[in-house]
Every structure is written in structure tokens, then in C-alpha cells.
Amino acid sequence: MAHYRASESKREQFRRYLEKSGVLDTLTSVLVALYEETDKPNNALDFIKLHLSAAGPEPADTEALRMELADLQQQCNLLMEENKELRNRLMQYEPPPEDGAAE
């Protein structure tokens with residue numbers, strides 16, 4: 001009898017863990033979406049996988065995108081500096097346009 005209570009306690013802890021982490025809400029929403037489908041898919045498991053994967057990109061993909069973003073921001077900053085420097089050099093050789101210049 002004590003073994004049954006310990007098992008029930010572990011089950012309840014696991015249920016609370018799933019609830020706290022949002023797993024139950026996500027699964028419920030996917031199952032509701034499947035229930036509300038007028039044309040039921042041939043493969044319910046594929047439907048569930050598709051809707052679960054729509055939750056967001058994989059962590060590895062996210063990290064790769066963050067690294068790419070950082071690289072591109074650094075490259076953009078370098079190009080902005082180069083552009084600024086080239087504009088300054090250009091201003092040395094070309095006089096600024098005068099207001100009311102002859103037309």
C-alpha cells in the first residue's frame with residue numbers, strides 16, 4: 001500500500017512539473033486544434049508534430065542565428081565606419097554645394 005502512495009506522489013509531482021513548464025497547455029491546445037479540424041488528417045501524429053514544431057526554432061538554430069546576427073552587426077558597423085571615412089575623404093576633394101548656385 002505504501003508503494004502505491006509513493007507512486008501516486010511521484011505521478012502528482014510529474015503532473016505539476018508538466019503543468020508548470022507549460023507542456024500541458026501546449027499539448028491541450030494542439031489536441032484541441034486537431035479536434036476542431038473539419039478535415040481530419042490521415043496521420044494525427046504528423047499533425048501533432050507539425051503543430052508542436054511550430055512553437056519555435058530549435059535551440060541550436062537559435063544559437064546559430066544569434067551568432068550570425070552578431071557577425072552581421074559587426075560587419076555593418078565596420079562598413080558604416082568605412083563609409084564615414086570615405087565621405088570625409090571625398091569632402092576634402094569636392095567643395096560642398098553652394099546655396100543658390102547658378103541653374
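The questions below move from the overall fold to single residues.

Visitor: What pattern does the protein follow along the sequence?
Guide: This is a predicted model. The secondary structure comes to four helices and zero strands. Read along the sequence, the pattern is α-α-α-α.

Visitor: What percentage of the residues of the protein count as buried?
Guide: The protein exposes about 9900 Å², and carbon and sulfur atoms supply 57% of that area. A residue counts as buried under 20% relative accessible area. Of the 103 residues, the share that counts as buried is 5%.

Visitor: Are the planes of the rings of Phe-14 and Tyr-17 stacked or tilted?
Guide: A pair of aromatic rings is described by the distance of the centres and the angle of the planes. The count comes to one aromatic pair. Its rings, those of Phe-14 and Tyr-17, have centres 6.0 Å apart and planes at 35°. Planes under 30 degrees apart would count as stacked and over 60 as edge-to-face, so at 35° this pair is tilted.

Visitor: How far apart in helical turns are Phe-14 and Tyr-17?
Guide: Both residues belong to helix H1, which covers residues 2-20. Because they are three residues apart in that helix, their separation is about one helical turn.

Visitor: Which residue lies over the face of Tyr-35?
Guide: A charge sits over a ring if the NZ of Lys or the CZ of Arg is within 6 Å of the ring centre and within 35 degrees of the ring normal. Here the distance from the ring centre is 5.7 Å, and the residue over the face of Tyr-35 is Lys-40.

Visitor: Is Ala-33 buried or partly exposed?
Guide: Ala-33 is found in helix H2, residues 23-36. Its C-alpha atom is separated by 9.2 Å from that of Ile-48, 15 residues apart along the chain. The relative accessible area of Ala-33 is 24%, so Ala-33 is partly exposed.

Visitor: What is the area of the nonpolar surface patch made by Val-23, Leu-27 and Leu-52?
Guide: Leu-27 lies in helix H2. Residues in such a patch need over 30% relative accessible area, and Leu-27 has 36%. Together with Val-23 and Leu-52, Leu-27 makes a nonpolar patch of about 200 Å².

Visitor: How far apart are the end C-alpha atoms of residues 62-89?
Guide: An unreviewed UniProt entry annotates residues 62-89 as "coiled-coil region". In the model that stretch is 100% helix and 0% strand, and its end C-alpha atoms are separated by 40 Å.

Conventions: Residues numbered from 1 in each chain as written. Predicted model: local features only at pLDDT ≥ 70, side-chain atom pairs only at ≥ 80, totals over all residues. Heavy atoms only, no water. Phe/Tyr/Trp six-rings, centres within 6.5 Å; stacked < 30°, edge-to-face > 60°. Helix = DSSP H or I, 4+ residues; strand = E, 2+ residues; numbered from the N terminus. Buried < 20%, exposed > 50% of the residue type's maximum accessible area, 1.4 Å probe, protein only. Areas by Shrake-Rupley, 256 points an atom, 1.4 Å probe, with all protein chains shown as cover. UniProt positions renumbered as here; feature names shortened; annotations may be inferred. Patch = residues over 30% accessible without salt bridge, like charges linked within 9 Å, V, L, I, M, F, W, Y side chains within 5 Å. Salt bridge = Lys/Arg side-chain N within 4 Å of Asp/Glu carboxyl O.
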